[in-house]
Amino acid sequence: KEQENINFAKKIASELDIARKNNKFKQFVLVAAPAFLGNLRNQLNTQTQKLACFELAKNLSHLSAKEIREHLPERLPSL
């Protein structure tokens, strides 16, 4: 199960890196369960990791979009 978690983190990190290289975003927010967030951080390359403007180590997958927004700052930090 842990290896599946790491493989999924690698896939997401790769997709984020491709999107960064294609200028799809200038910054992004990471919200994930603590263990997965750690694995994802470990897989992100340095350039992509620098574009994370906010991180929240919490599993919010069971919440609605409105409830998730309540866990985020009113105004997200900018780089």
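Helix H1 (2-21) has 20 residues, where helices (H or I, at least four residues) and strands (E, at least two) are DSSP runs numbered from the N terminus. From its first C-alpha to its last, H1 reaches 29 Å, close to the 28 Å expected at 1.5 Å a residue, the expected span being 1.5 Å times one less than the number of residues. This is a predicted model, in which local features need pLDDT of at least 70 and side-chain atom pairs count only at pLDDT 80 or more, while totals for chains, interfaces and linings use all residues. Residues are numbered from 1 along each chain as its sequence is written, and side-chain values use heavy atoms, with hydrogens and water left out.

The buried residues of H1 are Ala9, Ala13, Leu16, Asp17, Ala19 and Arg20; buried means under 20% relative accessible area, exposed over 50%, and partly exposed in between (1.4 Å probe, protein chains only). They lie on the same side of H1, because they cover an arc of only 160 degrees around the axis, taken from the directions from the helix axis to the C-beta atoms. These buried residues pack against S1, H2 and helix H3 (46-49), contact meaning heavy atoms within 4.5 Å. The face turned away from the buried side carries the exposed residues Glu4, Lys11 and Lys21. After H1 comes Asn23, whose phi is positive, near 55 degrees.

The largest nonpolar core has 14 residues, of which Leu16, Phe25, Phe28, Leu30, Phe36, Leu40 and Leu44 touch the most other members; such a core is a set of buried Ala, Val, Leu, Ile, Met, Phe, Trp, Tyr and Cys residues joined through side-chain atoms within 4.5 Å. Two or more residues each come from H1, strand S1 (28-32) and helix H2 (34-43), and the largest share, four residues, is that of H1. Apart from this core lies another, of five residues, among them Cys53, Leu56, Leu60 and Leu72.

How many aromatic pairs does a search of the whole structure find? There are two, where rings of Phe, Tyr and Trp (its six-membered ring) pair if their centres lie within 6.5 Å, and planes under 30 degrees apart count as stacked, over 60 as edge-to-face and the rest as tilted. Phe8 and Phe36 form a tilted pair, 5.5 Å centre to centre with 35 degrees between the planes, and this pair links H1 to H2 across 28 residues. Phe8 is partly exposed at 48% relative accessible area, whereas Phe36 is buried at 15%. The rings of Phe25 and Phe28 have their centres 5.2 Å apart and their planes at 70 degrees, so this pair is edge-to-face.
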